[in-house]
Amino acid sequence: MSEDEFRAALSRLSAGVVLVTAHDPEEGARGEDVGMTATAFMSVSLDPPLVMVSVRNGSRMDDLLARQPLWAVSVLSESQRHIAGRFAMKGRISDRLLFEDIPYTRGEATGAPLVGGALAIVECRTEQRVTAGDHTLVVGRVLTAGTPSADGGPLMYFRGRYHTLG
């Protein structure tokens, strides 16, 4: 099996799109916000409340979450495709510029950016990191959760493109 065959087969699995964020207190005088689009995000346990996200080994987010245990997830709505695309770009500009014109608030428990208009938000503290091939599975205990927006449906990813349920 080739990498292309594997990729093509798994592209048939639809997934919700989230923005994973964290605040890097060691970057600059006031720190810097970091964000990453992800489709490999899921609920793991209700008791205790745990979620998991998969991050590419050696990525900026992986490096940050290895030393910063507090992070957040914003479940993106169908109207937030531009946010997903912006934070998924290869060779992208600085994270500071990526957040510049996006409405967000800071999570009370994590200090991480929470995207305005997201369908749901969760703030987490890392409980476990598991290396899995070229990715790390980051399991986080949910500290806070909310559903700030009921407008629209979820942003989905299927066959290498963003879609909506409608």
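**Entry 1: helix α1**

I began with R7 and E3, which both lie in helix α1, four residues apart, about one turn of the helix. Helices here are DSSP runs of H or I with at least four residues, strands are runs of E with at least two, and both are numbered from the N terminus. The model is predicted, so I note that local features need pLDDT of at least 70, that side-chain atom pairs count only at pLDDT 80 or more, and that totals for chains, interfaces and linings use all residues. Residues are numbered from 1 along each chain as its sequence is written, and side-chain values use heavy atoms, with hydrogens and water left out.

R7 and E3 form a salt bridge, with 2.8 Å between the closest N and O atoms. The criterion is a side-chain nitrogen of Lys or Arg within 4 Å of a carboxyl oxygen of Asp or Glu. I found R7 exposed, and E3 as well. Exposed means over 50% relative accessible area, buried under 20%, and partly exposed in between (1.4 Å probe, protein chains only).

**Entry 2: other salt bridges**

I searched the whole structure and got eight salt bridges. In one of them D62 meets R129, the closest N and O atoms being 2.7 Å apart. D62 is in helix α2 and R129 in strand β9, so this pair ties together parts 67 residues apart in sequence. D62 is buried at 7% relative accessible area, and R129 is partly exposed at 32%.

I then looked up E127 and R141, whose side chains form a salt bridge at 2.7 Å, N to O. This pair links strand β9, which holds E127, to strand β10, which holds R141, and so ties together parts 14 residues apart in sequence. E127 is partly exposed at 45%, and R141 is partly exposed at 31%. I also noted that D24, E26 and R67 are joined into one network by salt bridges that share partners.

**Entry 3: strand β5**

I checked β5 for burial: six of its seven residues are buried, so the strand is largely enclosed by the rest of the structure. Strands count as paired if DSSP finds at least two bridges between them. β5 pairs with β4 in the antiparallel sense over four bridges, and a hairpin of four residues joins β4 to β5. M42 has M52 in β5 as its bridge partner. β5 also pairs with β10, antiparallel, over seven bridges; there V53 has V138 in β10 as its partner.

**Entry 4: pockets**

I worked on a 1 Å grid over the protein atoms alone, where a pocket is an open set of points that fit a 1.4 Å probe, with protein on both sides within 12 Å along at least five of seven lines; lining residues have an atom within 4 Å of a point. The largest pocket holds about 1,600 Å³ of space. Its lining has 36 residues, with R7, T39, A40, H135 and Y157 nearest the centre. Elements giving two or more residues to this lining include α1, α2 and β5, and β3 gives the most, with five.

The second largest pocket holds about 170 Å³. It is lined by 15 residues, and F41, S43, V51, V122 and V142 are the closest to its centre. β4, β5, β9 and β10 each give two or more residues to this lining; β4 gives the most, with four.

Note on methods:
Grid points are joined across faces, edges and corners, and a volume is the space filled by probe spheres set on the points.
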